[in-house]
Every structure is written in C-alpha cells, then in structure tokens.
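Here is a short briefing on one protein chain. Look over the sequence and the 3D view, then read on.

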Amino acid sequence: WVHLYDPHAPYEPPPPFDRMHDPSYRDTGQYGRFDWYELPTPKRRELVRDEAARNHMVALHDGEISYADQEIGRLLDALAARGELERTLVAFTSDHGEGLGSHGYFFDHGAFLYDEELHVPLILRLPGAEHAGSRIAAQARLSDVAPTVLQALGLEPEGMRGGSSLLSMLGNGDSASERPSLALARMDGSHSGFALDGQRVSLRRGGLKLIWISEHWLDTQRIEPRYELYDLARDPGELEDLFTHDPPPEGLDELRAELDLFRAACDQLGERGKLSADVAAHFRRLGYF
C-alpha cells in the first residue's frame, strides 16, 4: 500500500519538476510559496485574475504529477530488479481529482461533484500481464477495486457490498454500462456566521449524471435546493444543465428516484453516530477536516 500525496496542495514539486511545465514563468514573489491554503482571500482573487500566475499554478500541479510518475516508476523498477514484478498485482488509482478552474473552482477539491473531481484513473496490471491492453467498457468505480483484486487472487469478496469485480466484465462490450456510480460531498464551515450545512449527492449512470444540491448558505444568501443534470457523452465538461429542459431527458425520473433513495440512506447513516475523537484527529492531521 503506497499512498502518494503528490499531486496535492500545496503544489511544491522538487526541481526540475517545479519548472518542467512552465519554464518561462518569472516569479515576482507576490504569491509567496503559491500555497493556495495559505493565501488570504484577496490574494486568491488576485492570483485567479492573473493569467500567468493561474497557469503557473496548473503547471505546478502538473509538475507534481510528473514527479509522482517518476517515483512510481522507481517503485516498479525495484520490484522488477528483485524479480517480483511478474508475480505482483498492481492497482493504480486516486481518491479524487482537483479543481483547476473548471466551474469556477480553483485549486482544491471536495465541495463539488463534477468530473474534474470524480473521474480518476484506474489501471490494473495483473501478474504475468494477464489481460494486458484490455479496457472495461462499463463504468468503473472505486468500490470495484477490492472485489477485482480478490477475484484475481482467487478469493471470495465475503461481506462486501456495492462493488463488483471488473474482471467478470471483460469482453461484455457495453452490456454493463448502466451500472450506477454514487458520490457524496459535504459542504462544511461557515460564512458570516451562517453554517453552510450543505451537501451534494450525485448519481452517474448510462452516460447521464444527476446532482442534487441541498439548501445551504453562501455568505448571507440562502441557496435553495436544486438538481442538475448533464449528458456526459455530449457535454463532458458538464456545462449545460438539462434538468429543466422540456421535455425532460429520457430516464430522468428513474435517476431521480434512485438518487433520492441514496440521499435517504446517507441521512440515516449520519444519524447513527459520529467519528471517535482519535479517528477525527487522524483525519484532521491528514487535512480532510
């Protein structure tokens, strides 16, 4: 189990990766370490409006990716040198993407459920390079990783719910494209004394994504709850909300009913308890709170 925090804010890749993707940038020092979390709100606004600085932030993020790529290569090379790579199952993925400006969301993650945050890589290399070059046509989910690994090892995924092995879908074409993928984002914190107290929930299935956004506060403005709907095949950037279109897209009622069931389940789970003090402290140290 290897967990790399790069790329992750603050974007501080070591040389030469810090200049690799933006070698012509001249740093005037006005944004300090380019640490988004350390910059006060006025400086954040200034950076977003400064095209060269904004592009440099993205380049630093890309530098983190290149650095992580190099280090993963070192790990795999070490396995190969020890003669262990051919009997090793490698699963490469990420817990989330990053907002780099799409939908007006800059240099962070966790508050929105658009694909720049949800669509993450998933690459599996089985021992002996079995099924090399194969691609699953169905929608893959992070909940599928563990059942896939267990099946590859000849083990039964006892007691696991939600995910299913991707190996059983090899060669199935698009027959499993209707598999749902659910996501949840909490909107915590407060503005002007009002608790945000909001959440976003999404359901992605059959090329459509339905997002529900709860009532919440934005500064002193109360935001009404609403739905958003996107056709990911035709609109991969999720720029055209189809929820209020007339007539409504086919399948919307079924999507909405399924999403509402998931929302209810999340509410019930939230009512059963909260994290213990030591677990909460651990997540706080990792930066999730």
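This is a predicted model. The chain has 7 helices and 12 strands. Of its 289 residues, 31% count as buried.

**The chain as a whole**

- The accessible surface comes to about 17,700 Å². Carbon and sulfur atoms account for 53% of that surface.
- Take the contacts between residues at least 6 apart in sequence: 51% of them join residues at least 24 apart.

**A four-stranded sheet**

- An open sheet is built from 4 strands, in the order β5-β8-β9-β12. The pairing is antiparallel.
- Which strands form the edges? They are β5 and β12 (residues 226-231), and each pairs on one side only.
- Neighbouring strands of this sheet are turned by 15° against each other on average, with direction ignored.
- In a regular strand, side chains alternate between the two faces of the sheet. Keep that in mind while tracing the strands on screen.

**Strand β8 and its partners**

- Strand β8 covers residues 198-205. It is mostly covered, with 7 of its 8 residues buried.
- On one pairing, β8 meets strand β5 (residues 181-187) in the antiparallel sense, over 7 bridges.
- How many residues lie between β8 and β9 in their hairpin? There are 2. In the turn, G206 has a positive phi of about 60°.

**Helix α5**

- Helix α5 spans residues 145-152. Its buried residues are V145, P147 and T148.
- An α-helix has 3.6 residues a turn, so residues three or four places apart point the same way.
- What covers the buried residues of α5? The cover includes strand β4 (residues 122-125).
- After α5 comes G154, whose phi is positive, near 75°.

**Aromatic pairs**

- A pair of aromatic rings is described by the distance of the centres and the angle of the planes.
- The structure holds 10 aromatic pairs.
- Why is the pair of Y25 and F34 edge-to-face? The ring planes stand at 80°, and planes over 60 degrees apart count as edge-to-face. The ring centres are 6.0 Å apart.
- Are Y25 and F34 buried or exposed? Both are buried.
- Y105 and F112 form a tilted pair. Their centres lie 4.8 Å apart, with 55° between the planes.
- Y105 has 14% relative accessibility, so it counts as buried. The cut-off for buried is under 20%.
- Ring pairs also link Y11, W36, F106 and F107 into a cluster.

**Charges over rings**

- The charged end of R200 sits over the ring of F112, 4.2 Å from the ring centre. F112 is also the ring paired with Y105.
- R263 has its charged end over the ring of W212, 3.6 Å from the ring centre.

Technical notes. Residues are numbered from 1 along each chain as its sequence is written. This is a predicted model: local features need pLDDT of at least 70, side-chain atom pairs count only at pLDDT 80 or more; totals for chains, interfaces and linings use all residues. Side-chain values use heavy atoms; hydrogens and water are left out. Buried means under 20% relative accessible area, exposed over 50%, partly exposed in between (1.4 Å probe, protein chains only). Contact means heavy atoms within 4.5 Å. Two strands pair if DSSP finds at least two bridges between them. Rings of Phe, Tyr and Trp (its six-membered ring) pair if their centres lie within 6.5 Å; planes under 30 degrees apart count as stacked, over 60 as edge-to-face and the rest as tilted. A charge sits over a ring if NZ of Lys or CZ of Arg is within 6 Å of the ring centre and within 35 degrees of the ring normal. Accessible areas come from the Shrake-Rupley method with a 1.4 Å probe; for residues, only the protein chains shown count as cover. Axes are lines fitted to C-alpha atoms, for helices over the stretch in contact, and angles run from 0 to 180 degrees between N-to-C directions.
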